[in-house]
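Subject: Handover of a two-chain model

Hello,

I am passing this structure on to you.

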Amino acid sequence: MAGFGLPVTIIVLSVGLSLTAQDAERIEVVLPRDAIPSIDDPAFDEADTAGRVMADNELVIGIVGANEQRAYSTWQLDRHEIVNDVFEGRPIAVTW
Amino acid sequence: MYAREVEGRTLTFGVSGMLFRDGLVMYDRQTETLWTQVDGRSVNGPLRGRQLRILPAVHAMWKQWRTLHPTTRVLRKGGEFRSAYDDYNRNPARLGIMGRRNADNRLPGKERVLGLRVGGAAMAFPIAAVRDARLVQTDVGGTPVLLVAPSPDLPVLAYERRVGSRDLTFRLESPDGRPVLRDVETGSTWDMSTGRASAGSMTGAQLNPSSAYSAFWFGWRGYFPTTGVWQASARPARE
């Protein structure tokens with residue numbers, strides 16, 4: 001999320017939520033639901049393949065398991081924000 | 001990064017289109033509960049009050065990550081050759097969506113920090129200062145932690161320094177040119193990339209990784225207003 005604080009220019013669409021007063025002060029609706037599509041069926045490449053389209057200074061989010069490591073590019077996550085994945089048999093959400 | 005299981009149910013998340021303190025709000029498709037992306041709290045809906053279990057993630061540059069984990073797999077790309085926010089990321093004057101001010105001048109607004117949350121406390125570590133120090137040992141929320149950045153080729157890694165009930169103190173060494181951590185108390189050596197003791201009386205013991213969140217200072221401070229800031233000058237004798 002670009003170090004949070006989305007930088008794009010967005011028009012506030014509505015604020016008619018059923019929230020407590022405390023949270024309503026703080027939650028802003030800036031886009032329709034799913035206007036930014038999560039990734040729900042992620043596919044993975046080996047490092048050599050991925051390396052052809054990755055920049056050295058590309059910020060990734062990495063996870064280390066017992067037998068596997070995975071990296072998720074934040075440049076890609078800028079456009080999806082969430083990956084619903086399964087890692088070593090465990091459902092995980094990679095978020096940005 | 002979070003486990004998607006809550007009380008025995010597996011959730012899938014989507015982007016709600018809402019922001020909470022400038023941070024993304026997710027919703028789950030099973031119950032439509034709203035969850036904060038930054039710290040995994042449910043803020044509205046049937047599961048309100050629950051907390052997603054945080055999984056330790058490493059934020060690193062691709063080259064650093066690959067050096068550390070050559071066998072890594074990578075989420076397949078769809079043509080994203082630069083960040084959607086490339087210009088924004090480079091511009092020190094642009095703070096956030098609504099044009100936020102930097103409310104706290106302990107650091108410049110766009111200073112890159114690693115944010116740690118331990119035991120309900122938050123601490124921001126300026127990445128440049130951590131890289132200068134190479135090894136940082138301090139406490140966050142009453143838990144001893146370390147951040148280690150042995151070289152520019154490797155990411156900054158964060159671990160808790162408590163194993164069982166024992167607090168450990170570390171030195172950074174490179175006996176054969178390869179950096180390792182050695183604890184002062186037992187002399188055991190620890191693999192930085194896994195946090196596992198590889199030699200000595202602690203062999204097989206594991207340091208818990210801490211999730212270190214890469215963020216701009218103003219964003220971290222905006223979300224966690226009571227955050228501390230680690231300063232190298234305050235701890236000159238710890239290395």
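The notes below cover the model, each chain and the contacts between them.

This is a predicted model, in which local features need pLDDT of at least 70 and side-chain atom pairs count only at pLDDT 80 or more, while totals for chains, interfaces and linings use all residues. Residues are numbered from 1 along each chain as its sequence is written, and chains are lettered from A and ligands numbered from 1 in the order in which they are written.

Confidence. The scores for the model are ipTM 0.87 and pTM 0.86.

Chain A. Three helices and six strands make up its secondary structure; these are DSSP runs numbered from the N terminus, with helices being H or I of at least four residues and strands E of at least two. Along the sequence their order is α-β-β-α-β-β-α-β-β. Of the 96 residues in chain A, 43% are buried, where buried means that 20 or more other C-beta atoms, placed from the backbone, lie within 10 Å of the residue's own.

Chain B. An automatic or database domain assignment divides chain B into domain 1 (5-44) and domain 2 (62-234). The C-alpha centres of these two domains are 25 Å apart. Five residues of domain 1 are in contact with seven of domain 2, contact meaning C-beta atoms, placed from the backbone, within 7 Å. On the domain 1 side of chain B, the residues touching domain 2 are one nonpolar, one polar and three charged. For these classes, Ala, Val, Leu, Ile, Met, Phe, Trp, Tyr, Cys and Pro are nonpolar, Asp, Glu, Lys and Arg are charged, and the others, Gly among them, are polar.

Between the chains. Contacts link 65 residues of chain A with 65 residues of chain B. Elements of chain A that each supply at least two residues to this side include β3 (59-64) and β6 (90-95). The chain A side has 37 nonpolar, 12 polar and 16 charged residues.

Strands also pair across the chains, which takes at least two DSSP bridges. β3(A) and β8(B) run antiparallel and are joined by four bridges; A:Ile61 has B:His59 as its bridge partner there. Strand β8 of chain B (residues 58-61) is covered on both faces, with B:Val58 and B:Ala60 buried on one side and B:His59 and B:Met61 buried on the other. β6(A) is joined by two bridges to β1 (residues 2-3) of chain B, also antiparallel, and A:Ala93 stands opposite B:Tyr2.

Regards

How values were computed:
Two residues are in contact if their C-beta atoms, placed from the backbone, lie within 7 Å. A residue is buried if 20 or more other C-beta atoms lie within 10 Å of its own, exposed if 12 or fewer, and partly exposed in between; C-beta atoms are placed from the backbone.
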